[in-house]
Amino acid sequence: MIDSSDMANWPARAAGNPTASAPRRNVPPQCEPPLPSWHESLASAIRNPATLLQRLYLSTSLLESADLAAHQFPVMVPESYLARMRPGDINDPLLRQVLPLGDELLETPGFVRDAVDDEASRIAPGLLKKYAGRALMILTGACAVHCRYCFRRHYPYANEPRRLPDWEPAIQALTADTTIHEVLLSGGDPLMVTDLRLKELCDRLEQIPHIQRLRIHSRLPIVLPNRVTDELLDLLTATRLTPLMVVHANHPREITGDCADALRRLVRSGMTTLNQSVLLRGINDSVDTLKKLSERLINLGVIPYYLHQLDRVQGAAHFEVDEATGLSLIEALQRQLPGYGVPQYVREVAGAPAKQPVGIESTL
Ligand SMILES: *Cc1c(COP(=O)(O)O)cnc(C)c1O
Ligand code: SF4
């Protein structure tokens, strides 16, 4: 994704953990250095293929094609996420989600730039409405990780609002349409926006009487877990609106350590917390992996919500799993997990009134 204006104000920092060597006053020498803030973690994220391969002790033979692919959609990997990868394993399922490959440059028939027809549902700058009762705000184009399969990898973010005054037409559209009861904050990643700006927006949305729920779709609790601060939880749970969080994890190995702690904090704050995944070839297209993913989630109190069939976006064809395979995976999960542990297997069909269950002929 592109950098948003939020990031333009941040101090430039050299790569590397900025807190690791900086001496701090008032800290007794025997103490660990303080944990980095989420801004610091973002600033120290890996942003080029060479560093990514080097840090995992991988051969640089892939570098040339990785650089070419990264030219179209840059690399972005936070240290916390890197720490969960297995060094020396080119097939590591976390690495596969973020490593640019030459395959991305192949043109595949049927794979297009705007795979889900976002453009047709844009009712105001930054505001998409596809479904009854819900509208989605594209809060920023920035993300903390760049997922190679991302369906919005070509989205024209530069045209969307950035500051509160730019949101006025969207706020007016939300105010005028009394059928809208839920606002989704999406992007990019909406939690890339500072707490201050989130608060301004929440305050504004709260004043619209027919809006009842605020849903945040974010991958930050997974890839940049220190974004889940007490201040953020306070902000989201203090509004009149019922807050929901939809995180995005695709593999059980993503949900360890600081990420598991962040999910626990979300759940304990009282917020309904759901997960959505994308079915990805070579990453989570096995019963064992999907079952472990669901088990880790439900053990933490996070409900598996959707398993998405890959949107057919240009550059992502090598991640596609066919629907018959997807259906057989879901059927296997149904035999092995509690009902609430099985996500709904859906795909997005441009113009349809809801996400479509795969394998069921739609009667909507
Ligand atoms: C996916 C999506 C939603 C949310 O759909 P749910 O089925 O409610 O999770 C809402 N608006 C848009 C534009 C979407 O793409
Ligand atoms: S999938 Fe989500 S987190 Fe990943 S690049 Fe796309 S918008 Fe960002």
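Student: Over the ring of which residue does the charged end of Arg227 sit?

Tutor: The ring is that of Trp38, and the charged end of Arg227 lies 4.0 Å from its centre. Please keep in mind throughout that this is a predicted model.

Student: How is the chain divided into domains?

Tutor: The domain assignment gives domain 1, residues 38-105, and domain 2, residues 119-357. Taken over C-alpha atoms, the centres of domain 1 and domain 2 are separated by 23 Å. Domain 1 brings 29 residues to the contact, and domain 2 brings 32 residues.

Student: Which residues of the largest nonpolar core touch the most other members?

Tutor: That core has 93 residues, and those touching the most other members are Leu52, Met137, Leu174, Leu185 and Leu205. The element giving the most to this core is helix H11 (residues 257-268), with 5 residues. Both domain 1 and domain 2 take part, each with at least three residues in the core.

Student: With which residues is Leu174 in contact, leaving aside its neighbours within four places in sequence?

Tutor: Leu174 is in contact with Leu127, Ala135, Met137, Ile180, Val183, Leu205, Ile208, His210 and Ile211. Apart from the core discussed above lies another one, of 6 residues, including Leu128, Leu136, Ile138 and Tyr155.

Student: How many aromatic pairs does a search of the whole structure find?

Tutor: The search finds 2 aromatic pairs. One of them joins Tyr149 and Phe319 in an edge-to-face arrangement, with 5.9 Å from centre to centre and 85° between the planes. This pair links distant parts of the chain, 170 residues apart. Tyr149 belongs to the loop between strand S3 (134-138) and helix H7 (168-176), and Phe319 to the loop between strand S8 (303-308) and helix H13 (323-336).

Student: Are Tyr149 and Phe319 buried or exposed?

Tutor: Tyr149 is buried, with a relative accessible area of 4%, and Phe319 is buried at 4% as well.

Student: Why is the pair of Tyr305 and Tyr306 classed as stacked?

Tutor: The angle between the planes decides the class, and planes under 30 degrees apart count as stacked. The planes of Tyr305 and Tyr306 are at 20° and the ring centres 3.9 Å apart, so the pair is stacked. Tyr305 is buried at a relative accessible area of 18%, and Tyr306 is buried at 11%.

Student: Which residues does Pro190 touch, not counting residues up to four places away in sequence?

Tutor: Pro190 touches Leu139, Thr140, Leu185, Leu198, Ile216 and His217. Pro190 is in the loop between S4 and H8, and at 0% relative accessibility it counts as buried. Sequence and spatial separation should be read side by side. Pro190 and Gly141 are 49 residues apart in sequence, while their C-alpha atoms are 8.5 Å apart in space.

Student: What separates the C-alpha atoms of Ile303 and Leu279?

Tutor: Ile303 and Leu279 are 24 residues apart along the chain, and 17 Å separate their C-alpha atoms. Ile303 is part of strand S8 and is partly exposed, with a relative accessible area of 32%. Beyond residues up to four places away in sequence, Ile303 touches Thr273, Leu274, Asn275 and Tyr340.

Note on methods
Residues numbered from 1 in each chain as written. Chains lettered and ligands numbered in written order. Predicted model: local features only at pLDDT ≥ 70, side-chain atom pairs only at ≥ 80, totals over all residues. Heavy atoms only, no water. Core = buried A, V, L, I, M, F, W, Y, C linked by side-chain atoms within 4.5 Å. Buried < 20%, exposed > 50% of the residue type's maximum accessible area, 1.4 Å probe, protein only. Helix = DSSP H or I, 4+ residues; strand = E, 2+ residues; numbered from the N terminus. Domains from an automatic or database assignment. Contact = heavy atoms within 4.5 Å. Phe/Tyr/Trp six-rings, centres within 6.5 Å; stacked < 30°, edge-to-face > 60°. Lys NZ or Arg CZ within 6 Å of the ring centre and 35° of its normal.
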